[in-house]
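I am opening a new notebook page, and I will write down what I look up in the order in which I look it up.

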Amino acid sequence: MIKRVGLPALLSLALAGCSMEEQPVFEPGEERPGGDTSVTIAGRNSFSMPAGNMKVTRRLDFNVGNSFFRNPWVASPSSTTARDGLGPLFNTNSCQNCHIKDGRGHAPKNNDLNKVSLLMRISIPATADTDPEILIKDGSVPHPVYGGQIQDFALPGSVPEGRVQVRYEYSQVTLKGGETVELRKPFFSITDPGYGPLPDDLMMSARVASPMIGLGLLEALTDSSLLTYEDPEDRDGDGISGRANRVWDHEQGRTVMGRFGWKAGQPNLKQQNAAAFNGDMGITSSLFAEENCSESQKSCRDLLTGEKVEISDKILKKVTFYTRNLAVPVRSEARNKTVLKGKKLFSDIGCAGCHIPSYKTPRLRDQPEQSDQLIWPYTDLLLHDMGEELADHRPEFLASGVEWRTPPLWGIGKTHEVSIEATFLHDGRARTIQEAILWHGGEAQASRDRFVSMEKTQRAALLKFIGSL
Ligand SMILES: [Ca+2]
Ligand SMILES: [Ca+2]
Ligand SMILES: [Ca+2]
């Protein structure tokens, strides 16, 4: 595993210059980022395969989970009783509409966000009167009428909560050698509010759907293997702190480490999935039995059927099995010389300080696929201050308005094979991997600056390495 580059290491590197340059080395196993779960695959289905080490008998469950992830849910009552209960308020009618081909979503090109694989979380500032219980369990204060998320669709008879609009401002960055890169920064607003005016101090956080591969392996990691990278006071002086989010586990009824979502606001896949069914599709479950419309959203309330659990525990379990077992593709170019050069630069300039290359999963009795695997996700799942430019100014549990969870980079090179429209970063502002790097600020400012001031050939090697993941 590549060690984190501390300040002394960075200094000695700078002093050593080129003369002492070590040879980049291939590490055993790194071509199979998901260990034995990895699969050899390219093209549109790159993110849609079951874990390579899954027994045939378990594939049936994977396929059932897949059908509930992919197929549209419908309004109840309906003859399709296994998949009814959609709405009254919702963002779209299937998981796959946002997680396109099990990959990520994208930001809109034009002004109209409806039918785009992005969602808008909302909240209002906490005050002295805020019930502390709300902050402990929700992580932020929901709007009293609109809740914690804008649902921009509604069943006939009810009304959507609004339309999410975006406008971009463009700027240029000049890299060493004179090449320029255009960046675009999104500015979001909500128009046509369906349930009364929204306050001026509404906090908004636009989020693009994230890719679904390798999630069961990240869930399997022990807290302690991740917490070793926490350094909230930056005691090792490398400019990188990093701390875990602490979020509410609804099943256990206590606060635990957060792992999923762009701010690590969800503790595990079951809860993340149940929250998605409820928040994004209006499907209630034993975990989230309340529909996503508030008391004052009368046209929504009037349509409620009284059905408390629209997705059964049995089906939620299959969907969760599915989301745990989507395979990470094998890296075909992991031994390429330029790729290995880029890999070394990735650690030399500090990228690997947050995008931690590898871990071992523990032995797991009930999850043979994820058990005992050497994995290469390139994340620490911790929160980092990423600077003002990326800030959403909306807290989520311990995550402040400038903090984001380091996203895994495995499979990222296949993003555009899976969906040509896919975009990077939490709000999808980056159209390319290079743009995503150039937006890094805060704790990542120093490594971003070193990327800008590299020779063009070095930058190309670094990008080729990331493209090979
Ligand atoms: Ca419903
Ligand atoms: Ca809402
Ligand atoms: Ca540090």
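Two strands count as paired if DSSP finds at least two bridges between them, and I take helices (H or I, at least four residues) and strands (E, at least two) as DSSP runs, numbered from the N terminus. The model is predicted, so I keep in mind that local features need pLDDT of at least 70, that side-chain atom pairs count only at pLDDT 80 or more, and that totals for chains, interfaces and linings use all residues. Residues are numbered from 1 along each chain as its sequence is written, while chains are lettered from A and ligands numbered from 1 in the order in which they are written.

Entry one, a hairpin. I looked up strand 5 (residues 163-174) and found that twelve bridges join it to strand 6 (residues 180-191), the two running antiparallel. Gln165 has Ser189 of strand 6 as its bridge partner. Five residues lie between these strands, and Gly177 in the turn has a positive phi of about 105°.

Entry two, another hairpin. Strand 8 (residues 246-249) and strand 9 (residues 254-257) run antiparallel and are joined by four bridges, with Asp249 opposite Arg254. Here four residues lie between the strands, and Gly253 takes a positive phi near 65°.

Entry three, a helix. Which residues of helix 13 (residues 445-452) are buried, that is, have 20 or more other C-beta atoms, placed from the backbone, within 10 Å of their own? I found Ser447, Arg448 and Phe451.

Methods: A residue is buried if 20 or more other C-beta atoms lie within 10 Å of its own, exposed if 12 or fewer, and partly exposed in between; C-beta atoms are placed from the backbone.
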